[in-house]
Amino acid sequence: MATQQGPTTPTPEQAHFDHLMATDSRVEPRDWMPDAYRKTLLRQISQHAHSEIIGMQPESNWISRAPSLKRKAILMAKVQDEAGHGLYLYSAAETLGQNRDQMMDALISGKARYSSIFNYPARTWADMGAIGWLVDGAAICNQVPLCRASYGPYGRAMVRVCKEESFHQRQGFEILLELANGTSAQKRMAQDAVNRWYAPSLMMFGPPDDDSPNSRQSMVWNIKRFSNDELRQRFVGMMVEQVKVLGLTLPDPDIRFNEDTKKWEHGPLDWEEFKEVLAGRGPCNAQRLERRRQAHDDGAWVREAAAAYAQKQSAKAALQEAAA
């Protein structure tokens, strides 16, 4: 007769990790962590870093065409910020044992994913406003809770990222506000940009909760604090109020205020389009990756020079130590 086995006693390392989760404490790089937790963090952080780097492209394309010197300076600062965000996040991923060169190779080879939103074209100057207001606004809504992520390096990196993203959203809002209060043609341009970026911005939060097992597990591990649908609903509530100030409208005839939940609800989204873009068949997927590959190749001499200099300094330090 087979004996019934009781529950397996967790190892001391697993018990400590479980305690950190239960007490809402933080995991640091030298702490033991389950392989699945490490893998989830690497996937999320590296995708986040890739999104910041690819996200520089639609905006940097407008620096030379900005309508004034002031606008050029602000947009240059924003693009530079995005590069910095990628640096913080790649550094956080490296603490999990992932080599940065490997992450970049995965990106330029098309193996790694990044946010679907950056595969849409920026057609007019008003798109700089819509990207700042909607895309960066969605990023803030998603990333502020990540400041409390259970993995220490990720949460700490997000603090500075969110502060800078708040500046970016205000910049975008101000661009749209000026256009909306300009000529009729400028207002139409602003409305057109909002129309095109609204739905992709809502889909930035990821698929619906029923179709997102990764999101559920991330919440169990305190990496995420809210589900995709919860964050999306919060964002819609923010946009409904802000668009009134702009004097524009959201392209969503089904948007409504639910009297029972006291929350704003959006209309249906085209999730087939979302899947197509993620699969690499969006309007600008091929262009974005090709430009990233070209930039990577063009910068090879810088990386080689830096590596040679570091090797030379290391050898010099070794000789000085031996002489001492």
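Trainee: Which residues touch the most other members in the largest nonpolar core?

Mentor: Tyr37, Ile45, Trp133, Tyr151 and Tyr154, out of 80 residues in that core. A nonpolar core here is a set of buried Ala, Val, Leu, Ile, Met, Phe, Trp, Tyr and Cys residues joined through side-chain atoms within 4.5 Å. Buried means under 20% relative accessible area, exposed is over 50%, and partly exposed is in between, with a 1.4 Å probe and protein chains only.

Trainee: What should I keep in mind about the model?

Mentor: It is a predicted model, where local features need pLDDT of at least 70 and side-chain atom pairs count only at pLDDT 80 or more, while totals for chains, interfaces and linings use all residues. Numbering runs from 1 along each chain as its sequence is written, and side-chain values use heavy atoms, with hydrogens and water left out.

Trainee: What is Tyr37 in contact with, leaving aside neighbours within four places in sequence?

Mentor: Phe17, Val27, Ser150, Tyr151, Trp221 and Ile223. Contact means heavy atoms within 4.5 Å.

Trainee: Different topic. Is His48 buried or exposed?

Mentor: Buried, because its relative accessible area is 10%. His48 belongs to helix α2, and helices are DSSP runs of H or I with at least four residues, numbered from the N terminus. Not counting residues up to four places away in sequence, His48 touches Leu89, Gln143, Tyr154 and Met158.

Trainee: Pockets next. What volume has the largest pocket?

Mentor: About 1000 Å³. On a 1 Å grid over the protein atoms alone, a pocket is an open set of points where a 1.4 Å probe fits, with protein on both sides within 12 Å along at least five of seven lines; lining residues have an atom within 4 Å of a point. Points are joined across faces, edges and corners, and the volume is the space filled by probe spheres set on them.

Trainee: Which residues lie nearest its centre?

Mentor: Gln47, Ser115, Met204, Phe205 and Gly206, from a lining of 45 residues. Helix α6 gives the most to that lining, seven residues.

Trainee: And the second largest pocket, what volume?

Mentor: About 540 Å³. Its lining has 19 residues, with Ile53, Met56, Tyr90, Met104 and Arg292 closest to the centre. Elements giving two or more residues to this lining are α3, α4 (69-94), α5 (100-108) and α12 (285-298).

Trainee: Where does Gln57 lie?

Mentor: In helix α3, residues 56-60. Gln57 counts as buried because its relative accessibility is 12%. Beyond four places in sequence, Gln57 is in contact with Gln287, Arg288, Arg291 and Arg292.
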